[in-house]
Structure formats: structure tokens, C-alpha cells
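Subject: Structure handover

Hello,

Here is the structure we talked about. My notes on the helix packing follow it.

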Amino acid sequence: MALENSVSDFNGVHYFSQGWKLVRLPVIRRFVVMPLLINIVMLGGAFTWLFYRLGDWIPRLMAHIPDWLQWLSYLLWPLSVIAIVLVFSYFFSTLANLIAAPFCGLLAEQLEGRLTGKPLPDSGWVGLVKDVPRIMKRELQKLGYYLPRAIGLLLLYFIPGFGQTVAPVLWFLFSAWMLSVQYCDYPFDNHKVPFQQMRNALRQHKTANMQFGALISLFTMIPILNLAIMPVAVCGATAMWVDRYRPQLARTGVR
């Protein structure tokens, strides 16, 4: 899978499509199983439940719209549905990623070794067990970064008219960024790149990372396809790490 063109030619769409190709490599299939199963259980169950609850939630949300904005209900109704699905999909994706984090990190390291021909020290299941406390601490860092911003956006929904119109757009952009952070962090963390340094590195290629995260967000809302999105996103993010960030940031002597 060596690169033949300059990495500057590759955007987030490229790495997302690479994820679908890389996830099928025979050598890493066994490392895909656990993230895939966790994602199927979490997102499959969550979206089944959401399907039966939307009929109750939408009328309650629309009841907050003042009378003078009722003429916009034809626009606000679909935006409200999109907003609920966005928030719901990101919340359960975050929960699934928290549970699957050790397995996603293992998948990222095995794929990196395949792409570079240089496996990380202590790679494999033994290294995974040893690194679980550090990995979970990193997940809590991401959660601490996410929660204050997410709460601020959710409060916008309670502003009549404005909230229901603007908040879904802002939430989609925020989700795109956070999903890029979430999945790109696995290969960064395998090399113990600090969380702040990782975010700064991603901002240098923010357009590509927003494209990558936006596609993950969109596919997370699509039934059936969203069940496979976790390992696909890990693989795409790992390919991006190898191409764009590894030459400058990799610490190959640590794991």
C-alpha cells in the first residue's frame, strides 16, 4: 500500500475510501472482529430503540417553537430529526469507542506495521493488556475535551427557532471534527503523542480532517453501513497517520 503520489494530493475523502479497502486486508481481519462486534451491538441496539422513540420526541421538540415561527415547521421538522439522529449517533459512537478503545488501538498498530513494514514494540495482545490503563486515561482526556463543547451546543436547542435552525449545522461540524479526533488519536496514542500535540497536528490539515470526520458522521447515520464504520474509520485514520504525521511525530521506540 505504499504511496506513489505526494500526500498533499490526498484529502479526507481519499483516506475514508482507503479505510474501506484496508479493513478487508486478510492479515488484519482478526483484529477487526472485536471493534466490529462492539459497534454492531451498541449502534444496532441504539438505533433500533431510537426508531421507536422518534415519534414521541419530535412533537415534543416542535412544541417549543413559538407560534410566529410555525410557518417554518416544514423546514424545522426535518432539521429536528437530523439533529436528534446526529446527537444520538455521536453519543453512542462515543460510548462504543470508549468500550472498544483497546481493540481499536491494537487494530491501528497492526495496520501501521503492515503499511510500514515496521511493527511497533510490544505489539499484539500482550501489549494491549499492558496498555489498557493508559488507553482508558486517554479516552477520558477526549471525553473531557468533548463534553463542555457538546453541552454548549445542546443548550442551543432550547433557543426557539434559532436553536432548531443553527444547532444541527453546528453539531454536524463539531461531530465531524470530534470524529476525526477520535479515530486519528488511536495511531497517535500508540506512539504516545500527547493529546494537545495531536490536536495541533490535526489542525494543520483541518480541511482534510473535517472531510474525513464528516464522512464518518454521515455513514454513522446510515443503517447497516454504520455497523461497520468503526473499524473502517480506524483503518482510514491509520493510513492518514502513516502518510501525513508519522515521519515527524512517530516515536518508534515506545509503545
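How do the axes of helix α7 and α8 cross? They come within 11 Å and cross at roughly 170°. That makes α7 roughly antiparallel to α8 (angles over 145 degrees). Helices here are DSSP runs of H or I, at least four residues, numbered from the N terminus. Axes are lines fitted to C-alpha atoms over the stretch in contact, with angles from 0 to 180 degrees between N-to-C directions.

Before the rest, the ground rules. This is a predicted model: local features need pLDDT of at least 70, side-chain atom pairs pLDDT 80 or more, while totals for chains, interfaces and linings use all residues. Numbering starts from 1 along each chain as its sequence is written, and side-chain values use heavy atoms, without hydrogens and water.

On the α7 side (residues 206-220), A208, N209, F212, I216, F219 and T220 are in contact (heavy atoms within 4.5 Å) with α8. Their partners in α8 are I229, A233, G236, A237, M240, R244 and Y245. By class, this contact has nine nonpolar, three polar and one charged residue.

Helix α1 (residues 12-22) also meets α8 (residues 229-249). Their axes come within 7 Å and cross at roughly 115°. From α1, the contact includes Y15, F16 and W20; from α8, V232, A239 and D243 are among the residues.

UniProt, in an unreviewed entry, lists residues 31-51 and 209-242 among its "transmembrane region" spans. Residues 31-51 are 100% helix, with end C-alpha atoms 31 Å apart. Residues 209-242 are 76% helix, and there the ends lie 14 Å apart.

Best wishes

Methods:
UniProt positions renumbered as here; feature names shortened; annotations may be inferred. Helix = DSSP H or I, 4+ residues; strand = E, 2+ residues; numbered from the N terminus. Parallel < 35°, antiparallel > 145°, perpendicular 65-115°, else oblique. Nonpolar A, V, L, I, M, F, W, Y, C, P; charged D, E, K, R; others polar.
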